[in-house]
Amino acid sequence: MNKMLKRVFLASALTAAFGTPALAADEIKIGLGAPMTGGSAAFGKQLQTGAQAAIDAINAKGGVNGKQLKLVTVDDACDPKQAVAAANRLVDQEKVTAVIGHFCSSSTIPASEIYDEANILNITPASTNPKVTERELSTILRTCGRDDQQGEVDAQFMKDVLKVKRVAIINDKDTYGVGLANATRDAAKKLGIEVVLEDGVTRGERDYNALVTKIKGANVDAVFFGGLYAEAGVLVKQMRQQGLKTPFISDDGIADPAFVTAAGGIQNAEGVYMSFLKDPRNDPASKEVVDALKKSGSDAEGFTLYSYAAVQAVAAALAANKDETDGTKLADWLKANPVPTVTGNKGWDEKGDLKSNDFVLYVWNKDGKYVEYKK
């Protein structure tokens with residue numbers, strides 16, 4: 001049975017079991033696939049906050065083509081199998097017109113194949129693994145950068161600023177963490193930095209003392225970690241507990257205050273570096289949105305505004321193409337037409353990647369905030 005026949009069979013079974021979903025004529029459903037539970041739930045909340053804020057703002061101005069947008073959130077727990085189930089639900093049960101998500105690359109990669117098969121526009125605000133846009137899928141785009149771009153920035157920072165000659169590269173054994181760690185490793189080697197230790201940690205484990213001992217024995221000038229805040233925080237905490245003050249560099253997977261908590265407090269998190277896209281909160285164009293989020297009790301940290309921008313892109317494509325819901329046509333329109341968003345004017349190439357590389361380095365300060373690093 002081919003993929004399309006299986007989808008038709010599944011949809012028929014769901015209709016028989018639950019009936020045909022009611023879809024209001026004046027409503028456009030936008031799906032959000034994100035980790036609302038589990039170790040990456042803080043990022044799921046960022047994506048949800050940004051997407052909902054954008055939808056509320058768009059609806060307050062009349063919606064899109066006279067229709068109101070409605071956000072439908074599904075939890076993928078940053079797990080590939082659950083992501084596939086969540087994607088099938090958005091496609092077959094919720095009948096969404098477009099999807100924002102997912103967060104983890106390991107979730108986005110399989111889920112995006114579901115959306116592509118159903119010809120549904122899919123924009124991820126956070127998945128940076130190159131494979132996301134390297135599979136010739138016609139409906140996938142992203143409002144974030146790529147690991148290979150980010151790895152080059154990380155390596156250059158280690159060489160030029162930290163004067164690193166020997167580095168340990170650690171990952172969390174997940175698609176995102178491994179991809180970024182490998183990209184940073186390759187870029188570091190090209191710059192003449194010796195990679196003397198490569199290792200990985202398992203998500204969910206909380207005792208990395210054996211690894212810390214290996215890092216100490218390797219006599220490195222810096223540690224780079226590719227992964228998310230839960231494991232990064234534990235690793236840096238146990239490094240500091242063992243008296244290892246080696247500079248620690250990570251990525252946008254730690255762009256949430258939950259990193260400070262995981263690290264056991266600001267005494268361990270202060271001074272940790274991380275690479276991330278330029279903070280759109282500092283752009284005058286985002287001030288109105290940032291202020292509105294603060295007024296509602298939310299922050300615009302991390303990926304919040306990138307999720308907001310993804311919704312703006314979806315809305316722009318729908319508005320320009322009236323009642324068109326063909327995901328490929330909507331994606332093609334976005335690739336041909338830059339869109340003004342809360343994160344600036346965004347344009348996409350034929351693969352669905354942004355045409356600009358805006359990664360910079362940040363450092364966690366004594367106030368528990370990450371700020372752009374300045375020499």
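1. The structure is a predicted model, in which local features need pLDDT of at least 70 and side-chain atom pairs count only at pLDDT 80 or more, while totals for chains, interfaces and linings use all residues. Residues are numbered from 1 along each chain as its sequence is written, and side-chain values use heavy atoms, with hydrogens and water left out.

2. Glu 324 and Lys 329 are joined by a salt bridge between their side chains (3.9 Å, N to O). A salt bridge is a side-chain nitrogen of Lys or Arg within 4 Å of a carboxyl oxygen of Asp or Glu. Lys 329 is partly exposed, because its relative accessibility is 48%.

3. Salt bridges that share partners connect Glu 134, Arg 142, Arg 146, Asp 148, Lys 351 and Asp 353 in one network. The count of salt bridges is 22.

4. Within a salt bridge between Arg 146 and Asp 353, the closest N and O atoms are 2.8 Å apart. This pair links distant parts of the chain, 207 residues apart: Arg 146 is in the loop between strand E5 (140-142) and H5, and Asp 353 is in the loop between strand E12 (344-346) and strand E13 (359-364). Helices (H or I, at least four residues) and strands (E, at least two) are DSSP runs, numbered from the N terminus. Arg 146 and Asp 353 are both buried.

5. Is Arg 185 buried or exposed? Arg 185 counts as buried, because its relative accessibility is 19%. Its salt-bridge partner is Asp 186 (2.9 Å, N to O), and Asp 186 is partly exposed at a relative accessible area of 35%.

6. Helix H12 (residues 304-320) has 17 residues, so at 1.5 Å a residue it should span 24 Å; the expected span is 1.5 Å times one less than the number of residues. The end C-alpha atoms of H12 are 25 Å apart, which agrees. Of the 17 residues of H12, 14 are buried, and the helix is mostly covered. Just after H12, Lys 322 has a positive phi of about 50°.

7. Lys 165 lies in the loop between helix H5 (147-160) and strand E6 (166-171). Lys 165 is exposed, because its relative accessible area is 62%.

How values were computed:
Buried < 20%, exposed > 50% of the residue type's maximum accessible area, 1.4 Å probe, protein only.
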